[in-house]
Amino acid sequence: MSPTDRGHRRKKPSRFIVVGHSAIDADHEAILKCCNEIAAATSNALEIQLHRLRSLLSNHFQHEELLLKQAGSKLCGCHVRDHALFLELCDKAIEANRQKHSESRELILRELLPTLQEHIAYRDQLIALHLNSIEDPPASSRDK
């Protein structure tokens, strides 16, 4: 175990936030699972997990945009800016990992993760509500 691993306090695993749209929830679950794995990763596994997180986030953001496009809508500017911020934080963490492991882990756990959880709870919840209202119209409109 490296000094970085010994000195890092393991964080309690983050819990999964359900927004009520199965495809979006599946993406979020994989992303948060990866964040929890970053919290527990050895210094040798950290680089792989950081790249995995960036890939999961990027794929999720493309998936959200596609779902909204198919629904005849698009992401608002603030949502797009959040996505850019998350990818930027991943890039910073990957770069920091080349310098000092604890800094890279802390970028994810103390900066990205809380902001991501807030994003899911507020911005992605609105997307899920919008998509669910389109995918499951009220019974009166289905019966016509």
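How exposed is Arg123? Partly exposed, with a relative accessible area of 31%. On that scale, buried means under 20% relative accessible area, exposed means over 50%, and partly exposed lies in between, using a 1.4 Å probe and protein chains only.

First, the ground rules. This is a predicted model, in which local features need pLDDT of at least 70, side-chain atom pairs count only at pLDDT 80 or more, and totals for chains, interfaces and linings use all residues. Residues are numbered from 1 along each chain as its sequence is written, and side-chain values use heavy atoms, with hydrogens and water left out.

Now the overall layout. The chain has 6 helices and 0 strands. Along the sequence the pattern reads α-α-α-α-α-α. Helices (H or I, at least four residues) and strands (E, at least two) are DSSP runs, numbered from the N terminus. The chain has 144 residues, and 38% of them are buried. Take the contacts between residues at least 6 apart in sequence: 71% of these join residues at least 24 apart. Contact here means heavy atoms within 4.5 Å.

Start with Ile38, in helix α2. Its relative accessibility is 0%, so Ile38 counts as buried. Setting aside neighbours within four places in sequence, Ile38 contacts Leu46, Gln49, Leu50, Leu53, Arg105 and Ile108. Ile38 and Ile48 are 10 residues apart along the chain, and their C-alpha atoms are separated by 9.3 Å.

Then Leu53. Not counting residues up to four places away in sequence, Leu53 touches Ile31, Cys34, Cys35, Ile38, Cys90, Ile108 and Leu112.

On to helix packing. How do α2 and α3 pack? Their angle is about 165 degrees, and their axes are 9 Å apart. Axes are lines fitted to C-alpha atoms, for helices over the stretch in contact, and angles run from 0 to 180 degrees between N-to-C directions. The two helices are therefore roughly antiparallel to each other. For the classes, under 35 degrees is roughly parallel, over 145 roughly antiparallel, 65 to 115 roughly perpendicular, and the rest oblique. The α2 and α3 crossing is left-handed. That term means the near helix is turned anticlockwise from the far one by less than a right angle; clockwise would be right-handed. On the α2 side, the residues that meet α3 include Ile31, Cys34, Cys35 and Ile38. Among their counterparts in α3 are Leu46, Leu50, Leu53 and Leu57.

Now the charged pairs. A salt bridge is a side-chain nitrogen of Lys or Arg within 4 Å of a carboxyl oxygen of Asp or Glu. The whole structure has 7 of them.

Back to Arg123. The side chains of Arg123 and Asp82 meet in a salt bridge, N to O 2.5 Å. Asp82 lies in helix α4 and Arg123 in helix α5, so the pair ties together parts that are 41 residues apart in sequence. Asp82 counts as buried, at 15% relative accessibility.

Other bridges sit within one helix. Glu88 pairs with Lys92, with the closest N and O atoms 3.4 Å apart. Glu88 and Lys92 are 4 residues apart in helix α4, about one helical turn. Glu88 is partly exposed at 42%, and Lys92 is partly exposed at 44%. In helix α5, Glu106 and Arg110 are also 4 residues apart, about one turn. Their salt bridge is 3.1 Å, N to O. Arg110 counts as exposed, at 62%. There is a network too, linking Glu47, Glu95 and Arg98.

Last stop, His119 in helix α5. Buried or exposed? His119 is buried, with a relative accessible area of 3%. Beyond four places in sequence, His119 touches His79, Asp82, His83, Phe86 and Asp124. His119 and His83 are 36 residues apart in sequence, and 9.3 Å apart from C-alpha to C-alpha.
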